[in-house]
Amino acid sequence: MRQILTEATFAFTIACMPVINEVVLSVWDAAWDRGEVDALDTLLHPDYSRESAGSSTVTGLSDLKKDILEVRAAFPDLRTTIDKLIIDGDDFAIFWTATGTFTGPLGEVPATGNRVQTRGSNQGTFRDGRVLHERVTWDKSELLADLGVPSLRSAFESDLSDLVVDNLSGTLSTDELKGFNRQFITGVTVVTTKDAKGGPRGLAVNSYASISLEPPLVLVCVQKTSSTYPTLFQAKYLGINILSNQQRDTVATFASKEPNKFASLEWHDGPQGSPLIDGSSAAIEAEIKERFQAKTHTVFIAKVTHTELSDAVPMVYKAGGFFDGASLTEL
Ligand SMILES: Cc1cc2nc3c(=O)[nH]c(=O)nc-3n(C[C@H](O)[C@H](O)[C@H](O)COP(=O)(O)O)c2cc1C
């Protein structure tokens, strides 16, 4: 086991430059593999800065410590290997591999239990024998991408103020956008999954859209505050039921927070176990392929693996109500 170097031993080490490699390896091991982030104090310069190549964000020592602890909390079995360390005068490059199991939340992203292997590199410069600046090819967003959770913006931004979009004449209010959305006529779906105990879970969703027929991709957007969301996020498959005109009570049930929304329903398992609701106009089961982070919502993109069609007339919904008896005029 490598030793963590104290300030005194570090000063001695810097005097003997050939062992700087050992210092870097020792501090890296302490910080990333054991969570002893204060070991970084000996290696990083007081003016240390860290630039992410992907997002171009620049952070400092305290952010790095926070990030390491957050990643380690999400991946308690994290193991890193330095594949190559090159030091040339005041320049260095580190190439590394990390593996771990995603068992705790990372930012707003719930754990999936997936095992991930990720690779990255840090390039930087020393000043007075300490790391002054480094440019990293990897950050938490990259890690999410490795987990199949690419971020549309950042999943780690806490400031939601830019949810209100500036337009040319001033600021667009939430009410104006709500007004626009209320004019959009949709069907209503119930998106379903099963929890760890095999219990059926689901919520009413009208953000369904078909993306493409070949490959057969669809999407739904689900609010992160939904009680179904953590289960859905961990699922490999989901069910999407297009409700029929006869299922208006079902909308109210699945737009609620009732603990057992399936109690008075007839439903059956899709081939992969997703709950499909009897009497729906149509139902599909789909394999979740992407979980894009979009601030308050996650956009699930899924590949359809199973379809069920019926003659039941689909529900037509506009905010606050249902359309009755309108006949269909062909295009
Ligand atoms: C017609 C209709 C459409 C809805 N569409 C969505 C949607 O697309 N995404 C979403 O996250 N919530 C949507 N909701 C709201 C959820 O169904 C609602 O928040 C529900 O209580 C969530 O349940 P849960 O917290 O038990 O998962 C919709 C509600 C209705 C009535």
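What share of the contacts in the chain with a separation of 6 or more is accounted for by residues 24 or more positions apart? Residues 24 or more positions apart account for 59% of these contacts, where two residues are in contact if their C-beta atoms, placed from the backbone, lie within 7 Å.

**View 1. The whole chain, a predicted model with its confidence values.** This is a predicted model, in which local features need pLDDT of at least 70 and side-chain atom pairs count only at pLDDT 80 or more, while totals for chains, interfaces and linings use all residues. Residues are numbered from 1 along each chain as its sequence is written. The chain averages a pLDDT of 86, and 87% of the residues score at least 70; pLDDT is the predictor's confidence in each residue, from 0 to 100. Over residues 1-17 pLDDT stays under 50, and the model has 20 contacts beyond four places in sequence for this stretch. Over residues 158-169 pLDDT also stays under 50, and here the model has eight contacts beyond four places in sequence. The chain holds eight helices and 19 strands, where helices (H or I, at least four residues) and strands (E, at least two) are DSSP runs, numbered from the N terminus. Of the 331 residues in the chain, 27% are buried; a residue is buried if 20 or more other C-beta atoms lie within 10 Å of its own, exposed if 12 or fewer, and partly exposed in between, with C-beta atoms placed from the backbone.

**View 2. The open sheet of six strands.** The order of the strands is S2-S1-S6-S5-S4-S3, with mixed pairing, and two strands pair if DSSP finds at least two bridges between them. Strand S2 (58-59) and S3 stand at the edges with a single partner strand each, so one side of each is left without a neighbour in the sheet. Strand S1 (residues 44-52) and strand S6 (residues 130-136) pair in the parallel sense over five bridges, and Arg-50 has Glu-134 in S6 as its bridge partner. Strand S4 (residues 91-101) pairs in the antiparallel sense with strand S3 (residues 79-88) over nine bridges, and it is joined to strand S5 (residues 115-127), again antiparallel, by eleven bridges. Among the bridge partners are Trp-96 in S4 for Ile-82 and Arg-115 in S5 for Thr-101.

**View 3. Two hairpins, one of S3 and S4, the other of S5 and S6.** The hairpin of S3 and S4 has two residues between the strands, and in it Gly-89 takes a positive phi near 65 degrees. S5 and S6 pair in the antiparallel sense over six bridges, with Arg-130 in S6 as the bridge partner of Arg-127. Their hairpin also has two residues between the strands, and Asp-128, which lies in the loop between S5 and S6, has a phi near 50 degrees, a positive value in a residue other than glycine. Most residues other than glycine have a negative phi, and most peptide bonds are trans. Asp-128 is exposed, because 9 other C-beta atoms lie within 10 Å.

**View 4. The open sheet of seven strands.** Here the order is S10-S9-S13-S16-S17-S12-S11, and the pairing is antiparallel. S10 and strand S11 (209-212) are the edge strands, each pairing on one side only. On average, neighbouring strands of this sheet are turned by 35 degrees against each other, direction ignored; the axes behind this angle are lines fitted to C-alpha atoms, for helices over the stretch in contact, and angles run from 0 to 180 degrees between N-to-C directions. Strand S13 (residues 237-242) is joined to strand S16 (residues 282-294) by six bridges, the two running antiparallel, and Leu-238 stands opposite Ala-286 in S16.

View 5. Lys-295 counts as partly exposed because it has 16 C-beta neighbours inside 10 Å.

**View 6. The shell around the ligand.** Of the 18 residues around the ligand, Ser-207, Gln-223, Ser-226, Thr-228 and Ala-255 come nearest; a residue is near a molecule or strand if its C-beta atom, placed from the backbone, lies within 6 Å of it. Strand S10 (200-205), strand S12 (217-223) and helix H8 (248-254) each supply at least two residues of this shell. By class, the shell has ten nonpolar, seven polar and one charged residues, where Ala, Val, Leu, Ile, Met, Phe, Trp, Tyr, Cys and Pro count as nonpolar, Asp, Glu, Lys and Arg as charged, and the others, Gly among them, as polar.
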